[in-house]
Amino acid sequence: MKDKPLDSNPFRYGCVVEDSFYCPRPALERQLAGFIRSGQNVVIHGERRMGKTSLVNAVVRGMRGWRMLYVDLLHVQTVGDVCRRIVSAVRNLERKASVFEKALKLLPRLRPVMKIDPATGEFGFGLDARAAEDPYAVEEVIDMLAGVAAGGRTVIVLDEFQDICNLPDAQTVLALMRGRIQFQGDIPYVFTGSVRKRMVELFDNPDSAFYKSALTLCVGEIDRDSFAKFLRRRFENGHRRVSDETVGTIMDTVADVPGDVQQLCEAIWGVTSGDVGAKDIEAALQVVFMREGDKFESFCERLSPVQFKLLLGIARIGGREIQSRAFLDAAGIGNAASARKAAIRLCELRYVYLFRGEYRFSSMFFKAWLLRRDY
Ligand SMILES: Nc1ncnc2c1ncn2[C@@H]1O[C@H](COP(=O)(O)OP(=O)(O)O)[C@@H](O)[C@H]1O
Ligand SMILES: [Mg+2]
């Protein structure tokens, strides 16, 4: 089936993509759907903007009779945050006030109150702030999830799960969560995480409460041929031709990261009105730099001279063997110990991450921006 011709920008980034904005990933989708159907818990690893949330969303939407209880745990800081995010997720799922009210009754310790906006009819909730900060409150909300999921096919998605580690009492909370989840054998839980190191700690470390509690799925770049075909079709539907070679260059420019590819294409669309060529990529990059240059500037201001040299070195030379003499000389760094220390900091700031022995930029736009500056 052909999509309708597009007048508006056909590329989206920074959000979950669905329908025609989503490029299918059949192999991963089949695998995930299979795990969910058999009631397995799954942990999904993958860097940011690789498409984890979009994948889970597409899979559950495609499974007839199933629904998704989606909990976003990004930046949670306290147990109360976790409780409120989980209850919010239930509210988003249950469209009927009476059903939601019934779910709230499963939280006696948290003394929930139902709030209804008289003007719009929209409903919300409040929890006892003190009770919600008690780690044991987590048991109650996890048990509530079982109540909500009972009798229906419900997948519970805990997105950006690694951020639970931000909690001061993380270990207790994790142990309590795991303790309850293990009694919910027939409900599939999907844990996704963008910080590989932390997720591996959580699921592959024998000392962790979640050790070996879920099957693993890795979400990396989208298969190049199908993503290239998808992108070309998006351009062509808007009456713009683009060669395979140009699509290849677009993908090379941002190392195939799906979110960055879409962001670059969105900008290319903005600077073109007809066919798309290689020179448009550079113009589009300039548009992105105009929007994000200040942010990149402030990223750099946070760095010590050595950290900055290392960052620039990784951009120019590549992120392998940063402690080798050749790298240190080329980057102008005195010794291996300084490079090692600086690398730890760059990882903490999440400017780069370590992947199979190579430091890679979290944002390829940041890298491209650095390479075009006169440092
Ligand atoms: N399957 C896909 N097809 C097309 N674009 C995608 C796909 N998956 C991800 N993207 C792009 O990446 C962006 C981030 O996707 P998201 O699912 O939020 O990633 P993650 O959860 O891994 O951070 C989307 O806004 C979109 O631009
Ligand atoms: Mg996500």
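My entries below cover the ligand site and then the aromatic rings.

**Ground rules.** I am working with a predicted model, in which local features need pLDDT of at least 70, side-chain atom pairs count only at pLDDT 80 or more, and totals for chains, interfaces and linings use all residues. Residues are numbered from 1 along each chain as its sequence is written, chains are lettered from A and ligands numbered from 1 in the order in which they are written, and side-chain values use heavy atoms, with hydrogens and water left out.

**Entry 1: the shell.** I asked which residues surround ligand 1. By type, the shell holds 10 nonpolar, 6 polar and 6 charged residues. Here Ala, Val, Leu, Ile, Met, Phe, Trp, Tyr, Cys and Pro count as nonpolar, Asp, Glu, Lys and Arg as charged, and the others, Gly among them, as polar.

**Entry 2: polar contacts.** Next I looked for N or O pairs within 3.5 Å. A backbone N or O atom of R12 sits 2.5 Å from an oxygen atom of ligand 1. The side chain of K52 brings an N or O atom to 2.7 Å from a ligand oxygen, and the side chain of Q262 has one 2.7 Å from a ligand nitrogen. Overall, the protein covers 94% of the 560 Å² of accessible area that ligand 1 has on its own (Shrake-Rupley method, 1.4 Å probe).

**Entry 3: where the ligand lies.** I found that domain 1 (24-218) and domain 2 (224-298) both give residues to the shell, so ligand 1 lies between them; the bounds come from an automatic or database domain assignment.

**Entry 4: aromatic rings.** I searched the whole structure and found 21 aromatic pairs. Rings of Phe, Tyr and Trp (its six-membered ring) pair if their centres lie within 6.5 Å; planes under 30 degrees apart are stacked, over 60 edge-to-face, and the rest tilted. F100 and F123 make a tilted pair, 5.5 Å centre to centre with 35° between the planes. Both F100 and F123 are buried (under 20% relative accessible area, 1.4 Å probe, protein chains only). F227 and F230 have ring centres 5.9 Å apart and planes at 25°, so this pair is stacked. F227 and F230 are both buried too. Finally, I noted one aromatic cluster formed by F296, F299, Y351, F361, F366 and W369.

Terms used:
Near = heavy atom within 4 Å. Polar contact = N/O pair within 3.5 Å; in protein donor to acceptor, adjacent residues only side chain to side chain. Buried < 20%, exposed > 50% of the residue type's maximum accessible area, 1.4 Å probe, protein only.
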